[in-house]
Amino acid sequence: MIILETRNLKKIYGEAETEVKALNDVSICVEKGEFVAIVGTSGSGKSTLLHMIGGLDNPTSGTIIVDRQKINEMNSDELTIFRRRNIGFVFQQYNLVPMLTVWENIILPVKMDGKTPEKMYLDEIVKTLVLEKKLNNFPNELSGGQQQRVAIARALASKPKILLADEPTGNLDSKTSQDVLGLLKVTSQQFHQTIVMITHNEEIAQLADRIIRIEDGKIVSDSNMMKQGVISW
């Protein structure tokens with residue numbers, strides 16, 4: 001089942017001589033439960049693509065479909081509600097609320113949507129991400145890796161259709177990065193969670209099921225790592 005699709009996506013900044021095509025006719029499909037890495041150098045368009053998929057920016061032209069809904073045709077209020085209920089974000093900056101405990105940070109998006117947190121589901125996430133003993137701590141009492149794990153738990157709390165990760169290990173050392181990415185992959189498998197991650201790190205990208213490479217605003221390659229035998233289960 002296709003959960004995410006972009007059709008002929010373009011994003012153009014400037015005009016005439018100053019025109020820059022950040023995205024140039026980008027079309028991709030992502031299946032439910034896939035862990036996809038979008039790889040590219042700085043300025044390649046990967047962050048722009050992620051922002052479009054997440055409804056954080058509007059395309060110049062083209063279509064973005066998430067769970068069979070064209071999000072680029074929604075108005076601001078509709079998009080805000082849809083994004084809160086269907087898209088989880090994990091950024092390089094952890095963006096935790098400093099005056100809230102770990103548990104309060106995790107359930108924040110659920111509470112903001114006026115819903116009651118699903119205790120059993122959240123307990124499973126907390127256990128998977130090894131946060132059981134940190135629930136009453138505040139963000140400034142955690143290491144960078146622990147804070148990023150809290151950010152992942154928060155992103156998963158509302159059961160999003162898609163989790164978008166923007167250079168999620170950019171502020172972490174290599175050992176912690178591997179730990180966090182390993183846990184991200186485990187959550188992908190355990191909760192059948194669709195994940196789209198952007199990174200410039202080739203080694204990190206190898207943990208994904210599939211790698212999409214983008215340069216100069218265009219898709220230059222799209223490889224399924226499972227079919228190639230790079231990943232074994």
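**Exercise 1.** Find the bridge partner of Ala37 in β9.

*Solution.* Start with the strands, which are DSSP runs of E with at least two residues, numbered from the N terminus, just as helices are runs of H or I with at least four. Next, look at β3 (residues 35-39) and β9 (residues 210-215): they pair in the parallel sense over four bridges. Pairing here takes at least two bridges found by DSSP. Now read off the partner: Ala37 is bridged to Ile211 in β9.

A quick note on what you're looking at: this is a predicted model, where local features need pLDDT of at least 70, side-chain atom pairs count only at pLDDT 80 or more, and totals for chains, interfaces and linings use all residues. Residues are numbered from 1 along each chain as its sequence is written, and side-chain values use heavy atoms, with hydrogens and water left out.

**Exercise 2.** Work out the strand order of the open sheet and name its edge strands.

*Solution.* Walk across the six strands: β6-β7-β8-β3-β9-β10, with mixed pairing. Then check the ends: β6 (87-90) and β10 (218-224) each pair on one side only, so to speak the edges.**Exercise 3.** Decide whether Lys11 is buried or exposed, and list some of its contacts.

*Solution.* Then check its relative accessible area, which is 11%. With a 1.4 Å probe and protein chains only, buried means under 20%, exposed over 50%, and partly exposed in between. Lys11 is therefore buried. Finally, leave aside neighbours within four places in sequence and look for contacts, among them Val20, Leu23, Met52 and Asp57. Contact means heavy atoms within 4.5 Å.
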